[in-house]
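Student: I've got this model open and I'd like to talk it through. Can we go over it piece by piece?

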Amino acid sequence: MKIIMWIVVFLASFYSFGHAYYLIKEKNKLGAVGTIFVGIVILICPFFIRMK
């Protein structure tokens, strides 16, 4: 179960960073900063969750 959770976390964060890169290319820097923030939150939050 932990492996599945970490796979989902890494895929979601990489998708978020990829979308932020796309937004930077489209000259939407504010949206890119928000999306990068969401990616960082996705990476940090699982460290506070305990799986049973």
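This is a predicted model: local features need pLDDT of at least 70, side-chain atom pairs count only at pLDDT 80 or more; totals for chains, interfaces and linings use all residues.

Student: Let's start with α2. Which of its residues are buried?
Tutor: Helix α2 covers residues 29–44. Buried here means under 20% relative accessible area. Going by that cut-off, the buried residues of α2 are Ala32, Thr35 and Gly39.

Student: Within what arc do the buried residues of α2 fall, seen down the axis?
Tutor: We're talking about Ala32, Thr35 and Gly39, the buried residues of α2. Looking down the helix axis, they line one face, because their directions stay within an arc of 65°.

Student: And which residues are exposed on the other side of α2?
Tutor: The buried residues of α2 pack against α1. Over on the other side of α2, the exposed ones are Leu30, Val33 and Phe37.

Student: How far does α2 reach from its first C-alpha to its last?
Tutor: The helix has 16 residues. At 1.5 Å a residue you'd expect 22 Å, and the model comes out close to that, with a reach of 22 Å.

Student: Is Ala32 buried or exposed, and at what relative accessible area?
Tutor: Ala32 sits in α2. Leaving aside neighbours within four places in sequence, it is in contact with Ala20, Leu23 and Ile24. Since buried means under 20%, Ala32 counts as buried, with a relative accessible area of 1%.

Student: What separates the C-alpha atoms of Ala32 and Phe10?
Tutor: Along the chain, Ala32 and Phe10 are 22 residues apart.

Student: What does Thr35 touch, not counting residues up to four places away in sequence?
Tutor: Thr35 is another α2 residue, and at 16% relative accessibility it counts as buried. With those sequence neighbours set aside, Thr35 touches Ser16, His19, Ala20 and Leu23.

Student: Now over to α1. Which residues is Ser13 in contact with, leaving aside its neighbours within four places in sequence?
Tutor: Ser13 is found in α1, and that helix runs over 2–25. Its relative accessible area is 0%, so Ser13 is buried. Its contacts beyond those neighbours are Gly39, Ile42 and Leu43.

Student: Is Phe14 buried or exposed, and at what relative accessibility?
Tutor: Phe14 has its place in α1. Its C-alpha atom and that of Ile42, 28 residues apart along the chain, are separated by 9.8 Å. The cut-off for exposed is over 50%, so Phe14 counts as exposed, at 56%.

Student: Which residues form the nonpolar patch on the surface?
Tutor: α2 gives the most to it, with 3 residues. Ile44, one of the patch members, lies in α2 and is partly exposed, with a relative accessible area of 43%. Together the patch residues have about 610 Å² of accessible area, and they are Ile24, Ile36, Ile40, Ile44, Phe47 and Phe48.

Terms used. Residues are numbered from 1 along each chain as its sequence is written. Side-chain values use heavy atoms; hydrogens and water are left out. Helices (H or I, at least four residues) and strands (E, at least two) are DSSP runs, numbered from the N terminus. Buried means under 20% relative accessible area, exposed over 50%, partly exposed in between (1.4 Å probe, protein chains only). Contact means heavy atoms within 4.5 Å. The expected span of a helix is 1.5 Å times one less than its number of residues. The arc is that of the directions from the helix axis to the C-beta atoms. Patches are made of residues with over 30% relative accessible area and no salt bridge: like charges are joined within 9 Å, nonpolar side chains (Val, Leu, Ile, Met, Phe, Trp, Tyr) within 5 Å. Accessible areas come from the Shrake-Rupley method with a 1.4 Å probe; for residues, only the protein chains shown count as cover. A salt bridge is a side-chain nitrogen of Lys or Arg within 4 Å of a carboxyl oxygen of Asp or Glu.
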